[in-house]
Every structure is written in structure tokens, then in C-alpha cells.
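Subject: Handing over the structure

Hello,

Here is the structure I promised to pass on to you. Please open it alongside this note, and my findings follow below.

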Amino acid sequence: MDARVEFTTGATPVQRADRLAAAIGMRPGALWIKRDDLTGLAGGGNKARKLEYLCAAARAAGHTLLVTGGGAQSNHARATAAAAAYLGLGCHLVLAGRPPAQASGNLVLDRLLGATVEWTAGPLEDAIAAATAALGGYLVPFGGSSGLGALGYVRAADELREQVPDVRLVVTATGSAGTHAGLAAGFGDWGMVGGVRVTEFADLRDRVRRLAGEAAALAGRPAPTGEPVLDERHLGGGYGVPSREALAAIELTARTTGLVLDPVYTGKAMAGLIAGVRAGELDPEATTVFLHTGGLPGVFAERYAPLW
């Protein structure tokens, strides 16, 4: 648990969201937001916690280049580029699709941070593996999500227990699964974590379960009890495609808390939380923490400009 590079300084704050709670039918003091959008690394977000462990492993193995990839507006790719810049390492990003005529959002930051970018129209995982082999770099998994990367959220679960001792449920977006898995391993109870699917991984539930087991073993803890809780009803048109409910959740959150969610991850996760409370599936009296995993730079991507 201590073999990490410190990108986050101290605990990220939590804040009450009483006006949002009232708007969706929760009691005052029941809803909190964990501000992991404030982890640092050129725009913050949950990837910083995972990269603390992954970058420590890369440096311990003597690597001088990080290789990873994702979608064109990947928050993970941007955070990896920032981590590499902080540590004086090189960074090569493999992104899906074709380069846009004008960079926007995370792509601007990728360039500013000094990463080299390769585009691929073929299978992304194959292209990342090929680039890693050709360049001799350290392969950082999608979203930083491996058993090792998930240790960042084992640590975050411990942090959150100290900040909100009566927490009953943490709601998070479940994408590459490392955040969800690490929290479950940290709490030791699947029922403490409500994931909202935001990606199309066919094996997402099994992926969450496997990563949680790996993270728990690395942390020297038992595997979490129970079964993963995964709400699969809010993916909408697919990864990165904003749903009507997500856009409504983003607007409501902004106008009751002053916080900005994104249309890819946190907007859909908040839509899941709101729908769960309004449908009577989530207890409006229980202390619930929404994990704000960041994503702000992506809001400024050209493809999302018409939404606002």
C-alpha cells in the first residue's frame, strides 16, 4: 500500500450537497460528494490515485516511457501524460479514431503536456500492445485499471471512512472497473459500492469482481463479501454518448452545488443515483457519497459543444 508516487496531497475533500439532496428527495445531510476531481494532474480525476501505484512500478522496473491509450477524449490518457511530465518520463498515447482538424478538450492538454499521440482505426488494445513492444515502454492499462492500480481506491475507501464515518453507500461510474473494484476491496463489502455502467465491456461485472480480488490480495485484505452492485440502465447510446437523463443530472448538479459533471462518466453516474432515489431503490435517509471522478476537460471537447 505504501509503494506509490504521491500525486495527491492529503485527502480530497468531501462536501454536503443539501440542495441537490432536497431536489431529489433525500434528507438534509444524507448526500455528500467526494471531490476526486481535485486530485491534481492537469485537471484532476480518479486516474491520479491509480497512477500513483502504476508509476511507482514503472520507475522501480527502470522504465523511462509510459504507453497507454483510450478514446480521443480519454481522461486517463491526459492524466498519464501529466504523471509522466511530473516524473520526467516520456509518454506515448494511442487514441482511437482519426485526428480532428482542431484539438479540443483533453487533446489540448495531451499536447501541452508533451505526450506523443498515435491514432488508430483498428483494434485499440492491439495498437497499444504493438506500440509498447516497439518503443520498449511500460504499459499502463486502460483507465489505470489493474489490481495494482485499484489499490488507489482501497486507500480512498479508508480515507472516506474517516471523513464520513456513517457512510452507507458510495455511488461511482463504472468504466474500466478499477475505481469500483478498489472501493469494494477497501470497504470489504460489495454492498457499500453502487456502480453505474458507462462502458460497453461485455464482461464488466466479472472484470470488477476479478480486479477487486486482486487488489484485496495485494493490500493483504480479504475479498469483499456479497456480490457486485452494478446498475446497467444508464449507458444510453454507448460510451461517450450523452443520455437525456445524464444531461439533466449535469444541469441539476451544477445549479444546486456549483459543481460540473461530465457527459461520459459522472453525468451518467449521477443520473443513476437520482433515478435510484426517485424510484425508491436507494434509501433517501441513508448517508450516501457520490464520487466525483473528474472529467472536466472533456466537457470542452468540440463534440459536446452543442449540448450546452
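Grid points are joined across faces, edges and corners, and a volume is the space filled by probe spheres set on the points. Please keep in mind that this is a predicted model, in which local features need pLDDT of at least 70 and side-chain atom pairs count only at pLDDT 80 or more, whereas totals for chains, interfaces and linings use all residues. Residues are numbered from 1 along each chain as its sequence is written, and side-chain values use heavy atoms, with hydrogens and water left out.

**Cavities**

Searching the whole structure gives two cavities of 30 Å³ or more. The largest cavity holds about 170 Å³ of space. Its lining has 21 residues, and Asn46, Lys47, Thr179, Tyr265 and Thr293 are the closest to the centre. At least two lining residues come from each of H2, H3, S7 and H7 (helices are DSSP runs of H or I with at least four residues, strands are runs of E with at least two, and both are numbered from the N terminus). By class, this lining splits into four nonpolar, 13 polar and four charged residues; here Ala, Val, Leu, Ile, Met, Phe, Trp, Tyr, Cys and Pro count as nonpolar, Asp, Glu, Lys and Arg as charged, and the others, Gly among them, as polar.

The second largest cavity has about 30 Å³ of space. Lys34, Asp36, Tyr153, Ala156, Leu160, Val170, Leu183 and Leu291 line it, and H6 gives the largest share, three residues. Six of the lining residues are nonpolar, none is polar and two are charged.

**The largest pocket**

The largest pocket contains about 350 Å³ of space. Among its 18 lining residues, Gly70, Phe142, Thr199, Phe201 and Tyr239 lie nearest the centre. Strand S3 (65-70), helix H3 (75-87) and helix H5 (124-135) are the elements that give two or more residues to this lining. The classes here are five nonpolar, 10 polar and three charged residues.

**Salt bridges**

Side chains of opposite charge can pair when their charged atoms come close. With a salt bridge taken as a side-chain nitrogen of Lys or Arg within 4 Å of a carboxyl oxygen of Asp or Glu, the count is 17. One of them joins Lys34 and Glu159, at 2.5 Å from N to O. Lys34 is in strand S2 and Glu159 in helix H6 (residues 151-163), so this pair ties together parts that are 125 residues apart in sequence. Lys34 is buried at 1% relative accessibility, and Glu159 is buried at 14% (buried means under 20% relative accessible area, exposed over 50%, and partly exposed in between, with a 1.4 Å probe and protein chains only).

Asp158 is partly exposed at 28%, as is Arg221 at 26%.

A further salt bridge, 2.8 Å from N to O, brings together Glu281 and Arg233. Glu281 sits in the loop between H10 and strand S10 (288-292) and Arg233 in the loop between S9 and H9, 48 residues apart. Glu281 is partly exposed at 47%, whereas Arg233 is exposed at 55%. Finally, shared partners join the salt bridges of Lys34, Asp36, Arg49 and Glu159 into one network.

**Two backbone points**

Most residues other than glycine have a negative phi. Ala42, however, has a positive phi of about 50°; Ala42 is in the loop between strand S2 (31-35) and helix H2 (47-60) and is partly exposed at 33%. Ala177 has a positive phi of about 90°. Ala177 belongs to the loop between strand S7 (169-174) and helix H7 (178-187) and is buried, at 2%.

Happy viewing, and best wishes

How values were computed
1 Å grid on protein atoms, 1.4 Å probe; cavity = no way out; pocket = protein on both sides within 12 Å on 5 of 7 lines; lining within 4 Å.
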